[in-house]
Amino acid sequence: MSIGVASDARGRRERRPLKQLFLIAFAVLLSGCAGVQSALDPAGTEAEAVATLFWVMVAGGTLIWIAVMGGFYYATRIKREPHSERAAGRLILWGGAVFPVVVLTLLLAYGLSLMPKLRPWTAVAEEPALRIEVTGEQFWWRVTYHRAGEDPVVAANEIRLPVGERVVFTLKSADVVHSFWIPSLGGKMDMIPGRDNTLTLEATRTGIYRSPCAEFCGSSHALMVFSTVVMEPDAFDDWLAREARPSPGAKADGLDAFLRNGCQACHAITGTEANGVIGPDLSHVGSRDTLGAGILQNEIDSYVALIRRPDVIKPGIRMPGFHGLPDEEIETIARYLKGLE
Amino acid sequence: MRLIPKEVESLWTLFTAPTIWAVHFLVCYVGAAVFCAKRNALGLDFITVRSGIGIVTVIALLAILGSGWLAWRQWGFGTHEPPHDEPSHHDRNRFQGFATLLLCALSFVAVIFTAMPAAIITECNP
Amino acid sequence: MSVLPDVLPEDTRSDGEREAQAERLRAVWKTPTGWRYWTAVNNTEVGVWYTGAAFLFMLFAGVLALIVRVQLSVPDNDFVSAEFFNQAFTLHGTVMMFLFAVPIFEAVAVIILPQMLGARDLPFPRLSAFGFWSFILGGVFVCGSIFFGAAPNSGWFMYPPLATSEEAGIGADIWLLGLSFIEVASIAAAVELIVGVLKCRPPGMKINLMPLYAWYILIVAGMILFAFPPLIAGDILFEMQRMFDWPFFEPERGGDPLLWQHLFWIFGHPEVYIIFLPAIALLAMIVPTFAQRPIVGYSWIVLAAVGTGFLSFGLWVHHMFTTGLPSISLAFFSAASEAVAIPTGVQIFVFIATLLAGRVIFSVPMLFAAGALAIFIIGGLTGVMVALAPFDWQAHDTYFIVAHLHYVLIGGVMFPIIAGIYYFFPMIAFRKLSDRLGKIAFWLMFVGFNVAFFPMHLSGLRGMPRRIFTYPDELGLNLLNLVSTVGAFIFAAGVLVIAYDMLRPKKKQPYAPRNPWNAGTLEWLTEMPGEDWGVRSVPIIRSRYPLWDQPTLMADVDAGRYYLADAEEGQRETMVTSVLSAEPIQCLRVSGPAYVTIFSAFALGGVFIFLTFHWWWLTLGSGILAGGGILYWLWTGTAIIPEKREKDVGLGLKLPIYVSGPKSVGWWAMFITMVGDGTAFGSLMFGYFFYWTIHDDFTNGLAGPGVLWPLVAAACFAAAWAAMLLSRAANGADRPQGLRLWLCVSLVLTVAGSCAGLYGPYAHGMDPTAHVYPAIVWIVILWTVCHGAIGLVMQAYCLAGSFAGRLTAEYDIDIHNVVLYWHFMLVTALATFLVVGLFPLAV
């Protein structure tokens with residue numbers, strides 16, 4: 001602060017750094033908010049409205065904090081003579097009671113009015129064109145795309161959405177409580193065993209957003225993530241059509257190794273005899289953004305590591321380790337899976 | 001012998017208005033929750049819930065006003081300013097009246113807050 | 001008309017007489033020495049142990065927090081394993097809440113409340129000691145688990161199904177049983193404190209003159225009665241599921257994990273205020289002292305305390321904003337969560353107004369008070385933010401919440417408690433803490449805290465969920481987390497400085513002057529060094545700040561010119577006064593040192609601990625020992641027939657020594673306990689109706705207990721209750737035979753009612769593991785039957801008392817209290833049997 005009130009002669013020169021400092025601070029603040037998992041870098045209608053609400057409340061809160069602590073400082077360190085009890089009593093009435101009532105009434109009315117706006121029930125009133133069912137399981141996500149009049153498409157650990165359309169999610173859990181959260185698009189919704197929760201979201205910007213599980217769900221809660229890929233509607237339709245068909249790589253060489261080692265007991269690959277339902281569907285695993293529910297790069301080495309020692313990569317995972325297999329066998333399976341695009 | 005001794009009854013006047021708030025809150029919450037859980041069986045419209053909440057709100061507010069008037073009277077209609085710190089029966093009564101009045105005011109605002117959702121929310125889900 | 005004299009009569013005692021009185025008093029209140037020291041029950045001893053133990057648990061939980069912070073200081077860290085990390089944060093939250101924040105409030109209240117009220121002790125000293133021993137045993141049990149890798153690991157709110165799964169292991173049982181045991185101790189403390197505030201004030205301290213601290217304690221103890229029982233009910237359901245596979249939280253068999261969330265947060269949110277209000281209460285004592293004037297807005301503080309106490313029960317669903325409940329439900333709780341900010345704001349402005357109208361002396365307690373406000377207001381403001389459901393949808397379960405809750409709890413609880421420690425230390429240890437160390441500690445803690453927790457707001461909104469043991473490099477969370485870790489260590493250094501300041505030897509330091517801060521309230525009557533008797537004589541109070549407004553008070557108290565200046569009969573005595581006007585009504589004899597409290601606490605602890613390991617026979621044996629110990633304690637320590645009816649307590653006032661019914665503290669204790677008990681029962685019934693709401697047919701087509709047997713049970717219990725009324729009436733008419741006859745009749749009816757109650761579900765083959773409907777019916781019936789069994793013991797106790805000549809028409813405490821129990825028993829039994837019998841017909 002002292003920079004800005006320096007002597008007149010140097011005033012102009014001194015002020016500039018302050019301005020620059022402010023601009024830099026602002027830029028840092030903004031960049032500090034950016035990110036693929038940031039609620040303050042919105043890419044959806046709900047996240048936008050909530051970010052705005054947040055900044056308004058931060059501004060108001062800052063002013064209130066400064067005023068109250070200023071009052072405290074004045075009362076304890078600055079004033080020389082005590083004020084009258086009457087004046088102090090008035091401070092309680094107006095500062096402690098009336099002012100909060102007015103501010104909170106306005107804030108509450110605004111906050112409540114956002115609820116039907118952000119999550120309109122009209123969107124789920126009739127069967128929507130696209131409904132995505134997501135089931136949280138320790139520690140991954142089962143994803144099923146339901147379109148009116150067509151077969152459901154099963155995938156895992158990645159969700160793709162068309163931009164500019166309100167998408168309905170049905171959220172379930174297979175074991176413990178998880179929470180579904182795409183910070184860039186909007187708030188979270190828990191996945192609770194025995195309850196089907198509904199959430200609607202509308203993305204406004206294409207991109208890939210990281211989406212962590214938000215309710216503590218056991219050892220590897222921190223390692224339960226999915227990618228949300230927001231696409232142009234046409235590209236999305238193409239992608240979903242492709243996803244509904246078997247992968248061109250499904251019949252490739254490694255399939256034998258995959259089946260020989262019993263992988264199909266848990267995993268399914270469309271177009272082959274692998275149809276396990278315990279673990280994630282692998283039909284198009286090679287084309288996903290990440291591997292292992294959002295924690296590994298989708299490359300051959302990751303497959304190898306995951307097949308060999310899944311319990312090291314993900315404590316508490318149900319998949320058994322295959323470190324007893326010869327390296328070539330594991331690599332064959334890994335290459336095969338990477339080829340499932 | 002009484003189940004609740006007499007003295008508690010008069011200390012209870014302090015808690016009248018917050019208790020009204022609590023009952024109002026519970027009625028609104030339980031009413032809406034049961035309606036939303038059982039709406040298929042009930043066959044009623046959400047407007048029923050909203051008007052129900054409106055009616056109990058009016059009743060609660062009137063009850064708080066009544067309690068507030070009694071408190072105001074106990075306080076001596078504001079003829080005596082706080083702090084009511086004399087060791088007399090008179091000041092003890094004034095103190096109880098004033099504290100009760102303040103609680104009535106708070107409860108009044110809290111009941112209005114609780115009713116606000118019914119004015120804004122028009123459906124159960126999502 | 002008041003019996004209190006306006007002017008003290010002339011003191012006619014000789015110096016020798018006065019000294020002899022003091023000597024007798026000293027002998028009676030003497031703390032035992034040697035290894036018998038631990039049998040002490042005096043509030044100053046027990047309170048100090050209690051505070052010290054809570055403080056140690058806090059340091060332990062603090063170390064866990066530092067481990068958590070080290071693990072999170074850099075991305076992809078492997079300092080500890082995921083499993084250990086999960087145990088560490090679970091135990092950190094659990095210990096801070098249950099073994100520090102709640103007990104420290106009870107501990108501090110046990111020390112300072114009697115002093116503040118000019119009472120010799122709380123009305124049930126052995127109950128305080130019992131509470132302490134239960135607490136220390138339960139606490140060591142829960143904390144010790146981490147050294148065996150068996151600590152609870154599902155987060156401090158223990159959500160099922162994670163916490164009911166195999167994965168949770170024995171840690172979940174340790175959590176449930178260890179904490180249930182401690183909750184019992186908390187309820188005991190609540191009973192003690194409510195009775196203490198309402199009945200043990202000094203003569204003349206009318207309700208408008210009560211120290212603000214006592215107001216807060218009254219409200220908080222009342223809140224405990226309504227907040228803790230739902231958790232106990234939840235614990236019962238939870239443990240029945242873990243131990244016997246009753247499916248309360250398992251959806252496949254009709255249960256619902258959300259019921260636990262409701263019960264937990266019905267406890268959990270008031271809990272926040274249960275620990276916040278007593279800490280703010282310390283500030284309400286400190287601020288007037290350092291403003292050197294009475295508080296401005298006494299009534300406003302009462303408004304704030306009572307208002308917060310009520311509103312805090314309408315907030316619990318704001319912890320469940322993302323569970324998919326109907327938005328209208330969320331909205332109600334959003335509204336109440338905003339409303340609760342109003343009384344909290346009032347509270348803060350009362351402090352500022354008082355400082356504004358006073359001449360402020362700024363010293364270490366005030367420094368911590370200032371820090372408390374600066375931090376707490378930020379926590380309050382973020383609280384207003386997350387109270388709005390739409391914002392909470394984003395912030396929920398992220399580090400934003402971690403930041404918010406620490407701003408609230410450290411600003412609203414920790415800093416005020418440390419202010420209180422610096423303020424009250426001379427009253428307890430007779431020497432002041434160091435100003436210089438206090439300032440160093442303050443700045444370390446204040447700066448360290450903000451460096452640690454402020455960045456968490458941002459890391460949370462940048463997408464960092466809470467309870468993750470690691471995070472990847474590329475999310476941009478690295479710097480924020482590193483800064484937080486550094487701050488945590490700075491903060492910990494401040495805490496260590498305080499611990500050092502408290503523990504460093506002070507033998508060479510001179511005693512503090514008496515009333516070192518020139519405060520106005522009675523606790524500062526303490527002499528330096530002090531005596532075990534609390535106050536030399538129990539004064540007559542005419543002001544909110546008697547030490548300021550009654551200039552000769554201290555001298556008169558010291559000269560023993562007020563009440564109870566002597567202990568002729570060698571008994572520990574204190575005054576009981578009326579609730580509103582504090583007119584003297586009884587000279588209460590309180591109990592002294594005893595082993596039975598330690599024995600009972602450890603035997604009861606054994607029940608919970610053995611149950612954890614499913615050692616059924618040991619559990620049973622321990623239960624019998626605990627029951628026997630408690631009965632022995634009651635028989636030898638309560639409702640003692642005095643050698644005379646009345647006693648001259650001084651100033652020409654004669655007071656009865658033995659009173660019964662609503663005049664007696666025991667009756668109040670029973671009433672208050674049963675209110676808490678009724679709340680627990682209500683929570684179980686809430687469960688019953690909850691299952692009704694979530695299912696179209698909540699019986700799932702299974703047979704119920706029928707109509708006949710539940711109605712028979714209800715009728716038997718009603719008749720048993722009527723027989724209890726008749727037995728009391730017979731006793732009142734001095735017909736001991738009638739008393740015994742009706743007690744026997746009631747006893748038989750109670751047995752009959754219990755059998756009929758159990759036979760209903762048994763005869764219809766209700767299998768509690770088959771579905772949640774039979775399970776919930778069984779549990780409410782078992783609850784009622786257990787209460788019937790306790791009622792039986794009470795009836796037998798009265799019978800024994802009658803034969804032993806300790807229950808007579810004149811000395812009738814026991815029968816009054818037992819009949820009071822039976823009033824509640826009647827309500828419980830009728831509600832249980834009418835609902836389980838008739839409700840299925842109605843839907």
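What pattern does chain B follow when read along the sequence? In this predicted model, chain B follows the pattern α-α-α-α, with four helices and zero strands. Chain A has nine helices and twelve strands, while chain C has 24 helices and four strands. Chain C is in contact with residues of chain A and with residues of chain B.

**Chain B: overall form**

- The radius of gyration of chain B is 19 Å, well over the 14 Å that the globule rule gives for 126 residues, so chain B is more spread out than a compact globule.
- The C-alpha trace of chain B spans about 60 × 35 × 20 Å along its principal axes.
- Buried residues amount to 41% of the 126 residues of chain B.
- Of the contacts in chain B with a separation of 6 or more, 76% are between residues 24 or more positions apart.

**Chain A: overall form**

- Along the principal axes, the C-alpha trace of chain A spans about 90 × 50 × 40 Å.
- In chain A, 41% of the 341 residues count as buried.
- Residues 24 or more positions apart supply 62% of the contacts in chain A with a separation of 6 or more.

**Chain A: the five-stranded sheet**

- Five strands of chain A form an open sheet in the order β3-β2-β1-β5-β8, and the pairing is mixed.
- Strands β3 (153-156) and β8 (197-202) of chain A are the edge strands, each pairing on one side only.
- Neighbouring strands of this sheet are turned by 25° against each other on average, direction ignored.
- Strand β5 (residues 166-173) of chain A pairs with β8(A) in the antiparallel sense over six bridges. Within that topic, V167(A) has L201(A) in β8(A) as its bridge partner.

**Chain A: residue E331(A)**

- Helix α9 (residues 327-338) of chain A contains E331(A).
- Is E331(A) buried or partly exposed? E331(A) counts as partly exposed because it has 18 C-beta neighbours inside 10 Å, whereas a buried residue has 20 or more.
- E331(A) and I300(A) lie 31 residues apart in sequence, and their C-alpha atoms are 7.8 Å apart in space.

**Chain C: overall form**

- Chain C has a radius of gyration of 27 Å, which agrees with the value near 28 Å that a compact globule of 843 residues would have.
- Taken along the principal axes, the C-alpha atoms of chain C fill a box of roughly 80 × 75 × 50 Å.
- Of the 843 residues in chain C, 64% are buried.
- Contacts between residues at least 24 apart make up 81% of those in chain C that join residues at least 6 apart in sequence.

**Nonpolar cores**

- The largest nonpolar core has 432 residues; those touching the most other members are Y216(C), I217(C), A281(C), A284(C), I301(C), A336(C) and A419(C).
- Helix α7 (residues 257-291) of chain C gives the largest share of this core, 25 residues.
- Leaving aside residues up to four places away in sequence, A281(C) touches L212(C), Y213(C), Y216(C) and I217(C).
- A second, separate core has 18 residues, including F258(A), Y303(A), L306(A) and I330(A).

**Contacts between chains A and C**

- Here 67 residues of chain A are in contact with 68 residues of chain C.
- On the chain A side, the elements that give two or more residues are α1 (8-33), α2 (45-78), α3 (85-118) and β7 (189-191). The largest share of that side, 18 residues, comes from α3(A).
- By class, the side of chain A that touches chain C has 39 nonpolar, 22 polar and six charged residues.

**Contacts between chains B and C**

- Here 43 residues of chain B are in contact with 41 residues of chain C.
- On the chain B side, α1 (6-12), α2 (16-42) and α4 (89-120) are the elements that give two or more residues. Helix α4(B) contributes the largest share of that side, 14 residues.
- The side of chain B that touches chain C has 34 nonpolar, four polar and five charged residues by class.

Definitions and conventions:
Residues are numbered from 1 along each chain as its sequence is written. Chains are lettered from A and ligands numbered from 1 in the order in which they are written. This is a predicted model: local features need pLDDT of at least 70, side-chain atom pairs count only at pLDDT 80 or more; totals for chains, interfaces and linings use all residues. Two strands pair if DSSP finds at least two bridges between them. Axes are lines fitted to C-alpha atoms, for helices over the stretch in contact, and angles run from 0 to 180 degrees between N-to-C directions. A residue is buried if 20 or more other C-beta atoms lie within 10 Å of its own, exposed if 12 or fewer, and partly exposed in between; C-beta atoms are placed from the backbone. Two residues are in contact if their C-beta atoms, placed from the backbone, lie within 7 Å. A nonpolar core is a set of buried Ala, Val, Leu, Ile, Met, Phe, Trp, Tyr and Cys residues joined through C-beta atoms within 7 Å. Ala, Val, Leu, Ile, Met, Phe, Trp, Tyr, Cys and Pro count as nonpolar, Asp, Glu, Lys and Arg as charged, and the others, Gly among them, as polar. The radius of gyration is taken over C-alpha atoms; the globule rule is 2.2 Å times the number of residues to the power 0.38.
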